[in-house]
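Dear colleague,

I am passing on the structure we talked about, and below it I have set out what a pass through the coordinates turned up. Please read it with the sequence open beside you.

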Amino acid sequence: CVCCRAATERVRYAIPEELARGSLVGPLARDLGLSADQLAARKLRVASASKKQLKYFTLSEENGNLYVSERLDREELCGESASCSVSFEALVHDPLNVFHVQVDIEDVNDNAPHFLRDKFQLEINELTSLGSRFAVGMAEDADVGSNSLQGYELETNRYFAVEVKESQDGSKFAELVLRRALDRESEQSLRLTLTALDGGDPPRSGTAQLWINVTDANDNPPVFAQDKYHATLREDAPPGSTVLNVSASDADAGTNARITYGFGESSAKVLQKFVVDAETGTITLQEALDFEDTRGYVLLLEAKDGGGLVAHCKVKLEVLDVNDNAPEIMILSLSSPVTEDAPVGTVVALLNVNDADSGENGEVSCELSGEAPLSIVATSGGSYKVVTASALDREQASEHRVSVVARDQGRPSLWSSAELVLEVSDVNDNAPVFSEAAYSAYVWENNLSGALVVRVSARDADAGANGRVSYWLAGGSAGALGAAPLVSVEARSGAVYAQRSFDYEQCREFAVTLRAQDGGAPARSSTATLRVFVLDQNDNAPRVLWPAAAAAAAPGQEPAAAAGSGPAFEVVPRSAEAGYLVAKVVAVDADAGRNAWLSYELVAASEPALFRVGLHSGEVRTARAVSDRDAAKQRLVALVKDHGQPALSATATLHVVLADNLQEALPQLADRQNVSELAFDLNLILVVSLSVVSLLFIFTVLFAFFSKCRRSR
């Protein structure tokens, strides 16, 4: 509440001029509602559009008191102005606020009245009538108020008295009033002391000498056409411009009627700025005017005839302001950078705009030039706030450059500008985005553990840690190889590596979910699906299903060894013609594609010309008709081969008996069957015997255990 109230009110102090350095002006921090503990956090400081005004005061960082740092001379600061003050702004942060501080400088009686000249010479005709008045000049006192010039005193004499006259602008000048007729023959001259007094306590005074010469009769003084003249002149009038033409007349004749013009008792500034033609009475400007320095002049003119009589008139010159000063912009505070999530209306800068001109020429309006989500708001005392007009987005623009344009209402209008650079700092408002929503990777089976599968990438529009992306496995199918993950991802690079060797026959494809997460707080993340396809290699040899596995030989095994374990027999009648179907070799390959394409060929046979095998069907057929010369027992070895690179193969052994019926074939099979049956009977007897012995042993142990238990009861 204190801050809001102070933003529209002034903190005001009053101190006398000429205070010593280090004198206390006032407890600024306390008056703003700040305690000593808050000074460091709120960063109390003072600022002003005019650096000249700040040099007179200093702010203590320890207690927040305002002290005098330079000698204060009210007359130097404000000249003849009745009031004198120094204004500046007090800034506090967190939240950002501005307070207007005004220090009134009170006058002390440190200047004595003084006349512009130490001696005044008057020539007064002896026939001058009683009550005639003579202006003897004006004393100046730089002080104001009661300390300024209050009156005049004249040395006691028989002829003259002094009266104080006050002009419309408040200045006081002395007039001599003739109280007794002069007689040149009795007294040709007078020497009097004129004293100017101020109202201070104690009062100060200044003196000047009046040398009065009594002249012979010239009974008609000059007379001005007007007692008071009023003129105006633009401040941009060039030197040599005519201000005004005054005229006076004298009823006398001859030398007593010859009139010359000149300035009366005027200030040095008037004499420096203007000149009057002694013959014509034309007042001419000889130095450039400045409305901001002096807004008006009072010229005291006198017309003197040849007999020494003098007439006086006053010319009041008003200086007209022209728009010759552009507005001045001072950046009091700039909060940069500002976070992109700053709410709308956040104050980012405080400005102070001042125009030295007056009236419409000094009325200033401010606006922002440039594309930026900012606006400018006027406060009081020529101060402005730059606030956010809409939401900021660092990803759209990390920096905003605008120009503050201050323009007055003069004609033609003058303007000035100052650039504001506002940096926008990042907040974590964007999640990482994968370059693809779904990835596909192809890996040969039997790969090395740790092999690179694919490299994924995600981009985060944020900056710094908010835009630093890490990669993780978020989930997915483990596949047929177990519950452990099949792949891993490197957190920084996004490289996906195989955790083990893949087997196409166990797992042909699997999918995992990848997660990209940034380093913000709180962190943001997104996911993408990775589908890995395992490519087949020829790592499985064909497997023979028929003839039976006992009759099939793996690669490198002797066919005879496989046949001895129980070969299969096919009976072919001796009347079979060519193309007779003997049997069909059935085989499968666990691989896929070309690696599983099988071909068959006959690699060994008792009668190679008697049988053939289908290249792709595996059907064993007679290549010609069976003859009586062919042996009754035939042995065939078929090779099953895939189309992989390199190719893998397996063999199958088939026994063929050439007989017209089964009775003819039995003698060929008798020996082998007897041996097989005998071996089978021996094995059966051995198994039964071992089982009986084991059961008897178990029953004996159980009987002994129960007998022991009954005896113990």
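Leaving aside its neighbours within four places in sequence, which residues is Lys172 in contact with? They are Met138, Leu149, Gln150, Tyr152, Val164, Lys165 and Glu166. Please keep in mind throughout that this is a predicted model. Lys172 is found in strand E14, which covers residues 172-178, and although Lys172 is buried it has no salt bridge. The nearest side chain of opposite charge belongs to Glu166 and is 4.2 Å away, whereas a salt bridge here requires a side-chain nitrogen of Lys or Arg within 4 Å of a carboxyl oxygen of Asp or Glu.

Salt bridges

Side chains of opposite charge can pair when their charged atoms come close. A search of the whole structure finds 20 salt bridges, and three of them are described here.

Glu265 pairs with Arg117, with 2.1 Å between the closest N and O atoms. Because Glu265 lies in the loop between strand E21 (260-263) and helix H6 (268-273), and Arg117 in the loop between strand E8 (114-115) and strand E9 (119-125), the pair ties together parts that are 148 residues apart in sequence. Glu265 counts as buried, at 16% relative accessibility, while Arg117 is partly exposed, at 42%.

Arg179 and Glu163 form another salt bridge, at 3.0 Å from N to O. Arg179 sits in the loop between E14 and strand E15 (189-198) and Glu163 in strand E13 (residues 160-166), so this pair links parts that are 16 residues apart in sequence. Arg179 is partly exposed, with a relative accessible area of 48%, and Glu163 is partly exposed as well, at 23%. Both residues belong to a network of salt bridges that also includes Arg133 and Glu175.

In the pair formed by Asp236 and Arg234, the closest N and O atoms are 2.9 Å apart; Asp236 is partly exposed, at 43% relative accessible area, and so is Arg234, at 45%.

Annotated regions

For "domain: Cadherin", an unreviewed UniProt entry lists residues 7-115, 116-224, 225-329, 338-434, 435-544 and 572-669. In the model, residues 225-329 are 6% helix and 44% strand, with the end C-alpha atoms 50 Å apart, whereas residues 338-434 are 0% helix and 52% strand, with the end C-alpha atoms 29 Å apart.

The unreviewed UniProt annotation "transmembrane region" covers residues 682-706, and over that span the chain is 100% helix, with 37 Å between the end C-alpha atoms. A nonpolar surface patch of about 860 Å² is made by Leu695, Phe697, Ile698, Phe699, Val701, Leu702, Phe705 and Phe706. Phe706 is placed in helix H8 (residues 662-712) and counts as exposed, at 51% relative accessibility.

Individual positions

Gly240, in the loop between strand E18 (228-234) and strand E19 (242-245), is partly exposed, at 49% relative accessible area. Apart from neighbours within four places in sequence, Gly240 is in contact with Thr284 and Leu285. Glu76, in helix H5 (residues 74-78), is exposed, at 56%, and its C-alpha atom is 9.2 Å from that of Ala142, 66 residues away in sequence. Val512, in strand E41 (residues 509-517), is buried, at 8% relative accessible area; Val512 and Gly262, 250 residues apart in sequence, are 107 Å apart in space, C-alpha to C-alpha.

Note on methods
Residues numbered from 1 in each chain as written. Predicted model: local features only at pLDDT ≥ 70, side-chain atom pairs only at ≥ 80, totals over all residues. Heavy atoms only, no water. UniProt positions renumbered as here; feature names shortened; annotations may be inferred. Helix = DSSP H or I, 4+ residues; strand = E, 2+ residues; numbered from the N terminus. Patch = residues over 30% accessible without salt bridge, like charges linked within 9 Å, V, L, I, M, F, W, Y side chains within 5 Å. Areas by Shrake-Rupley, 256 points an atom, 1.4 Å probe, with all protein chains shown as cover. Buried < 20%, exposed > 50% of the residue type's maximum accessible area, 1.4 Å probe, protein only. Lys, Arg positive; Asp, Glu negative; His and termini not counted. Contact = heavy atoms within 4.5 Å.
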